[in-house]
Structure formats: C-alpha cells, structure tokens
Amino acid sequence: MEQWTRREDERLLSGKGRYVADISVPGCLDAAFVRSPVAHGALRAVDCTAAREVPGVAGAWSAADLPDLPPVPYTLLAGLATEDAVAGREWPVLVKDRVRYPGEALAVVLAADRYRAEDGAAEVTATIDPLPAVVTPAAARDDSVRLFDGLSNTVLRGEAGQPIDPSVWRDAAAVVEARYRQQLLLPSPMECRTVLAVPEGDRLTVWSGHQMPHRLRRELAALLGWSTDRIRVVVPDTGGAFGSKSATFPEFVVVAHLAVRLGRPVRWIEDRRESMLVATRGRGQDQSVRLAADAEGRLLAYELTIDADIGGYPHLGVGLPMQTAWMATGAYTTPHVHATVRSVLTNTMVTYPYRGAGRPEAASAIERTMDLLARRLGIDPIELRRRNFIPPAAFPYATPTGRRYDSGNYAAALDLALETLGYEEWRAEQARRRADPDALPLGIGVSCYVERSGGEPGGLHEFGSLEAHEDGTVTARCGTASTGQGHETVFPALVATVLGIPDAQVRLVEGDTDEQPDGLGSFASRSAQVAGALLQHAATRLIEEARARAADLWGLPVDEIEWADGTVHPAHDGAAATGLGDLVKSTGPLRVEDRYEAGMAFPFGAHAAVTEVDPDLGTVHVLRLVAVDDCGVVLDPAVVHGQAVGSAVQGIGQALYEGMTFGADGVPNLADGFLDYLLPTSTEIPPIVVKETRTPSPGTPLGAKGAGESGCIGTPVALVNAVADALRIADPDLLQMPLTPDRVWRAARAPKHEEGAR
C-alpha cells in the first residue's frame with residue numbers, strides 16, 4: 001500500500017508530546033518505594049516512623065500498615081498453567097515475610113514531590129535475614145534453595161510434539177547436540193513505567209503508559225472491588241514498551257489503593273535505576289538440543305529441552321516458554337519434533353514478554369544447530385536449509401508441535417537475503433583471508449526464522465467503531481494503545497483508503513477506556529493484523545450502512561445505491577452524489593461498532609550477516625547485516641521499515657552487548673546503570689539493509705502479518721553464526737550470548753574440532 005505522511009512526528013520530535021510525567025494534577029503526591037538490598041531473605045521488620053517525620057512527607061506504609069492491600073494480579077496462558085502454579089506462591093504488593101528478588105518493594109513513601117518522597121524513603125529501616133540466592137534455572141531447579149517453603153521451584157512442566165523413538169537417533173547418519181543460554185535482557189524503553197491515579201467522586205482515572213488499558217482497568221477494578229465503569233484508564237503518549245508495559249505491577253496496585261484511601265491523586269514515575277533493578281526481564285532460558293539427519297542432510301528429528309527462568313513469582317512468564325516449544329520446528333519439515341519445558345522460579349524479577357517473546361529463543365536454538373549439523377555433514381549451511389524448507393505448496397502447514405503455519409515462501413526470502421548480501425563474493429573474500437595468516441578472520445552467518453503474530457486463540461479479536469459526523473469527518477475508535485508503532489498515522493489512513501476520503505478527515509481515538517469500552521490492546525505484533533483488519537471491516541460496514549440509509553432516503557433498492565470517494569449516489573438516474581456529512585445531516589448520527597476476529601499469522605524471513613573478528617582483542621565488527629522479512633501485505637512501508645531496523649538493533653544488542661550479570665549474593669551488577677548493562681548506540685549500529693518479500697496471510701482480508709519483532713528473532717543468531725564461522729568454532733558452548741570481547745577472546749583460543757567444516 002502507499003506510504004502516508006506521519007502525523008505523530010512533528011508533535012513528538014518538537015517536544016510537544018504529553019507523557020504521564022507531563023500531566024499536572026493539583027494536590028498530587030509522588031511515590032517513592034523502599035526496596036530490598038538483598039535478592040533473597042526473611043523480612044523481620046520494617047519501620048517507617050522516621051520517614052513520616054520528614055518535611056513534605058504525607059505518609060509512609062509497609063505491608064503491615066496496609067493489611068487490606070490485595071496481591072498482584074496475574075495472567076497465565078490458557079490451558080498451560082492452572083491456578084496450581086500460583087496457589088501458595090502469591091506475589092505480595094509489598095513484601096510481607098520473604099524477599100524473593102533484588103529491589104522488591106518493602107514500603108512506600110508519599111510526598112509533595114519525588115525529591116521529598118525519596119528523602120523519606122531513605123529514613124525507612126528494614127531488618128532482613130539474608131538467605132542463599134539462586135539466579136539461574138540450573139541453580140534453582142534442584143530445590144536445595146526453595147523460594148516458597150514446602151513448594152518446588154519448578155512450577156510448570158509442559159511439552160509440544162510427541163516423544164521421539166530412540167531408534168531415530170540410533171539409525172541417523174548424523175546427530176549433533178548442543179547447549180545454549182538465552183541470557184536475561186532488560187527491555188529498556190526510553191520511558192520507564194508510569195502510573196497516575198486521580199480520584200474523581202466515585203470514580204478513579206488512571207493515566208499510564210500501558211499496552212493494555214482495558215486489562216489494567218479490569219484488574220484494578222477487581223482489586224478495589226469495584227465495577228469496571230468506575231475506572232477510566234487513559235494512555236497518553238508512551239515512550240516505548242517492547243512487551244514490558246502490559247501488566248498491573250505491584251507499584252500500580254499501591255498507587256491506586258492509596259489514591260482511593262487518601263482521596264488524593266498519587267503518581268509513580270519509575271526512574272532508570274528502578275527500571276533496571278525491578279522492571280520485567282526478557283528471555284532467560286537454558287536450552288539443550290539434539291538434531292538428527294540422514295546422509296543427504298534431510299532432517300529426521302529435533303529435540304529441544306528448555307529450563308526457563310521465570311523470576312521470583314509465577315506470572316505470565318510461567319507459560320511464556322511454551323511459545324519457544326511451539327515454534328521449535330522453525331522453517332523446516334522435520335518429521336519428529338519434541339520440546340519439553342520446565343518453568344523455574346529464581347531470585348530475579350519476573351520474566352515477561354519482551355519483543356519476540358519466546359520466538360527468538362526458538363530461532364536461536366534451531367538455527368545455531370543447523371549450522372552445527374552442516375559442519376558435521378560437510379554441507380554448505382545454505383544448502384542444508386534449502387533441502388529442508390517447508391515448500392510453498394505445503395501451506396497451510398501443520399507442524400509436529402501443534403502450530404498451523406498460514407503461508408510462506410522461505411526459500412524466496414533466503415535467496416533475496418543472499419543476493420542482497422553478496423554471499424558468494426563474501427565467501428571468496430573469506431577464502432582469501434584464510435589463506436593470509438595476517439588477515440582478520442571473516443565469517444558469514446544466516447538465520448531463517450518463522451514467528452507467530454496476533455496472539456493465541458481467544459485473543460485474536462479486537463473491538464472498535466467508526467462514527468461519521470456532519471462535517472464529513474470520521475472518528476475511528478479502537479481498543480489498541482500505541483507505544484510508538486505509528487497507529488496515529490496508519491489506522492486513519494487505512495480507514496480513509498477504504499472510504500475513499502482524504503486521510504486528514506479521519507481521526508483516531510484509542511487508549512481511553514471511556515471512549516472505547518472494550519479492547520485487548522497492543523502486543524504480540526497484532527496491531528495491523530488484528531486491529532487494522534477490524535477497522536477495515538468497520539469501514540466496509542459504514543459504507544453498507546450509508547448505502548442503506550441513502551436507499552431509505554430516496555426510496556430506492558439498496559442495490560441501486562453506489563458508494564464512491566466518500567459519497568453515495570443512485571446508480572442510474574444521474575443525480576448528484578451526496579457526501580457523507582450531508583447524509584448524516586439528513587438521516588442522523590451514523591455509527592458502526594463491532595468485534596472482529598482475525599486468524600493467527602506466521603511472519604517469516606531470512607537474516608544474513610558478515611562479521612570481522614579480531615582474535616587478539618576479542619572484538620566483533622559487523623561489516624554488513626541484511627534483513628529480509630515477510631509480514632504479508634505491508635500497510636505503510638516507512639513504518640514497517642522503521643520497525644525492522646529498530647528490532648534488528650535490539651537483536652544486535654542481545655547478540656553482542658546485553659545481558660544481566662549477578663554478584664555472588666544474587667544482586668545484579670548494575671551500579672553504574674548503562675555503563676554496566678550495555679546497549680548498542682548509533683556508533684555500534686552497522687549498515688543494515690532491509691528488504692522484503694510479500695506473502696499475504698489468508699487469516700484476514702488485509703493479508704497483513706505482524707512486523708514489529710522480526711529483528712529480535714532473526715538478527716541475533718545470524719550474528720552468532722557469523723562469528724562462529726569466522727573463528728571456525730565447532731563447540732557452540734564457547735560462544736554464548738552476548739559475545740563480549742572476553743568471551744570471543746577465549747573462544748578464539750579454544751581447541752578447534754571442526755568435523756566437515758568449510
């Protein structure tokens with residue numbers, strides 16, 4: 001489709017955006033939380049007395065002071081983790097007796113501003129008896145240190161596919177095995193978490209940079225014992241989310257509870273140090289794999305075992321690793337696939353969806369192992385992939401793990417990636433360098449991925465409406481909430497295109513539960529695929545309603561009324577067309593609303609990278625990165641391109657820079673913020689070329705699939721494969737992400753065992 005002029009940019013780039021921190025409410029109190037300095041410990045006492053004496057402090061409370069404070073609400077994926085996962089493991093809003101992750105909130109202080117609230121928080125004293133901390137699934141799963149007395153740290157066991165007969169492994173021409181660690185990541189949006197609760201009579205208005213305003217309204221209402229119509233949630237401009245802003249967090253519960261208790265507005269604006277300590281984590285998996293093939297490289301069986309770090313409390317992270325299990329097959333026709341999952345509690349903040357949410361972990365495991373198998377068989381890794389792709393004629397394709405891929409042409413995406421990269425020329429350069437003892441090693445890596453977008457069954461719908469006004473303008477309402485994806489541009493333009501009117505005549509309203517009573521929100525790359533399809537459907541219904549009204553007005557059969565460019569007119573008598581605004585003036589308000597359900601979609605692509613490695617320094621220089629993605633029908637090329645580049649940069653971060661590390665006491669090594677947790681900046685971003693193939697999804701009339709998560713899925717493993725290729729590393733355990741200089745330096749000095757290496 002066409003590229004539209006972005007509406008948001010001038011406002012946001014000129015500093016005219018309105019975020020929660022910009023909202024001024026008379027009498028508002030700011031919250032500061034007192035946080036645990038230990039990762040695991042028995043809480044003996046919290047004393048807020050001195051804090052209450054600090055000038056400007058309006059109050060200070062621990063859990064003992066707020067006995068009616070409800071626990072944190074939770075969401076579990078349907079059919080995966082039952083109430084049993086949470087029973088006895090509830091997440092208290094303020095610690096009652098046991099600290100289970102570093103920075104867990106012990107108390108809250110409210111004051112006239114954040115500065116005085118922090119002064120008060122500094123006066124709160126807590127007595128905690130430290131306990132041993134476990135911060136990885138390997139350390140936690142034997143239950144030698146239990147986070148909940150009498151209960152196992154393993155809270156979910158799941159599987160996808162069927163167990164594989166041992167004879168398959170025994171009879172295969174080649175079997176490779178490996179272990180991978182998907183490190184814990186920080187989503188790191190530009191704007192941290194925010195919430196402002198404003199009591200207004202018997203109602204509460206909550207402002208928050210949030211992905212799911214209707215969920216937040218529903219959960220807060222349940223916690224307060226209110227009907228949902230007493231709560232309004234509004235999402236103003238939001239500075240990114242990447243999956244990390246869709247829950248009702250402990251701090252949100254405290255803010256809402258105290259606002260109602262005190263009858264005053266209460267606000268919490270998370271600072272960066274808090275965010276790095278207690279905001280959600282992403283990834284966090286220990287993986288073991290086994291892959292078998294015949295002598296020609298045809299895949300026979302794939303086995304994936306996942307031990308997932310889900311943090312200190314069961315929440316959405318409990319079932320999240322099943323996304324990895326369900327997508328274990330990747331792009332290949334592997335007859336036998338079996339994935340098993342153990343979700344394990346650790347003394348870290350909860351693991352939650354982060355851009356890609358289970359699919360990067362799946363792609364990394366299979367794509368690294370495909371390169372390992374190629375080396376074992378002495379087959380070019382490109383050729384190995386081509387021999388095993390699901391062919392286009394096989395779609396819709398039912399995978400052994402229970403997914404039903406909608407459409408795809410995986411070979412076309414790979415061919416375009418290789419052509420764009422200049423694959424054969426880089427292979428020739430690699431051969432030249434390998435013959436020159438003074439040349440720096442060069443490697444080429446590829447990754448072919450398939451992901452899922454739109455959500456799971458039961459969550460593939462959205463609500464919205466269109467309303468035409470007497471001046472000819474149209475208001476589009478939708479249950480989504482933008483956190484930077486360009487909804488303000490794309491959705492009105494989509495409606496305008498269907499109606500045949502200028503896009504300036506369409507205004508979007510979203511992120512307000514009073515304006516749009518029902519909605520699911522923005523997550524799982526669902527905005528265009530699901531909400532876009534809803535708005536297209538609503539626009540079609542608006543046209544039908546307009547034709548029906550015109551037919552009644554003129555006394556004609558409806559099939560004799562035509563619609564063109566925002567007008568209705570009789571098909572045969574040559575009468576002048578009537579504009580939408582005039583029709584509303586003549587017949588009254590014109591509004592259509594609906595619930596629309598889309599099908600699950602499976603975007604795919606191929607990423608390719610060229611890296612140069614300095615073995616003496618351990619540094620990795622990315623010379624070229626190509627991302628070929630297929631998200632079906634593209635609604636706005638500029639928006640999709642921006643999503644692809646941004647996601648690829650985050651993928652670079654996982655591959656080369658980002659990763660949580662912990663001290664012996666289980667506390668993260670984050671004393672110096674982003675000097676300890678590295679993010680790629682403009683200096684580190686290599687040349688990125690984005691291309692696309694377009695294979696429409698049959699799941700909606702739009703044909704669109706999700707576009708926002710591609711780089712986080714395809715880029716990391718392409719880079720790791722390129723470094724492994726440069727150093728000719730046969731043991732994947734030597735190159736676990738992130739590929740820091742120390743890790744690369746050590747890998748370069750490890751003994752090489754290259755069976756069949758190129």
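**Close-up views of sheets and helix packing**

**View 1. The pairing of β8 with β13.** Strands β8 and β13 (residues 282-293) run antiparallel to each other and are joined over 11 bridges. V176 is bridged to L291 of β13. The model shown here and in the other views is predicted.

**View 2. An open sheet of five strands.** The strand order is β7-β15-β14-β13-β8, and the pairing is mixed. At the edges stand β7 (154-161) and β8 (174-185). Each has a single partner strand, so one side of each lacks a neighbour in the sheet. For β8, the antiparallel pairing with β13 is the one shown in View 1. Ignoring direction, neighbouring strands of this sheet are turned by 10° against each other on average.

**View 3. An open sheet of four strands.** Here the order is β18-β26-β27-β28, again with mixed pairing. The edge strands are β18 (442-450) and β28 (688-692), and each pairs on one side only.

**View 4. The parallel pairing of β27 with β28.** Strand β27 (residues 619-630) pairs with β28 in the parallel sense. Five bridges join the two. One of the bridged pairs links D629 to E692 of β28.

**View 5. Helices α17 and α18 on the four-stranded sheet.** Helix α17 (residues 637-657) lies across β27 and β28. Its direction is at about 130° to β28. Helix α18 (residues 710-727) also packs on the sheet. The strands touched by α18 are β18, β26 (604-614) and β27. Helix α18 makes an angle of about 150° with the direction of β18.

**View 6. The packing of α15 against α16.** Two packed helices are described by the angle between their axes and the distance between the axes. For helix α15 (residues 527-554) and helix α16 (residues 580-587), the angle is about 55° and the axes are 11 Å apart. That angle makes α15 oblique to α16. The crossing of the two helices is left-handed.

**View 7. Residues at the contact of α15 with α16.** From α15, the contact is made by L542, A546, R549, A550 and L553. From α16, L580, L583, S586 and T587 take part. Six of the contact residues are nonpolar, two are polar and one is charged.

How values were computed:
Residues are numbered from 1 along each chain as its sequence is written. This is a predicted model: local features need pLDDT of at least 70, side-chain atom pairs count only at pLDDT 80 or more; totals for chains, interfaces and linings use all residues. Side-chain values use heavy atoms; hydrogens and water are left out. Axes are lines fitted to C-alpha atoms, for helices over the stretch in contact, and angles run from 0 to 180 degrees between N-to-C directions. Angles under 35 degrees count as roughly parallel, over 145 as roughly antiparallel, 65 to 115 as roughly perpendicular and the rest as oblique. A crossing is left-handed if the near helix is turned anticlockwise from the far one by less than a right angle, and right-handed if clockwise. Contact means heavy atoms within 4.5 Å. Ala, Val, Leu, Ile, Met, Phe, Trp, Tyr, Cys and Pro count as nonpolar, Asp, Glu, Lys and Arg as charged, and the others, Gly among them, as polar. Two strands pair if DSSP finds at least two bridges between them.
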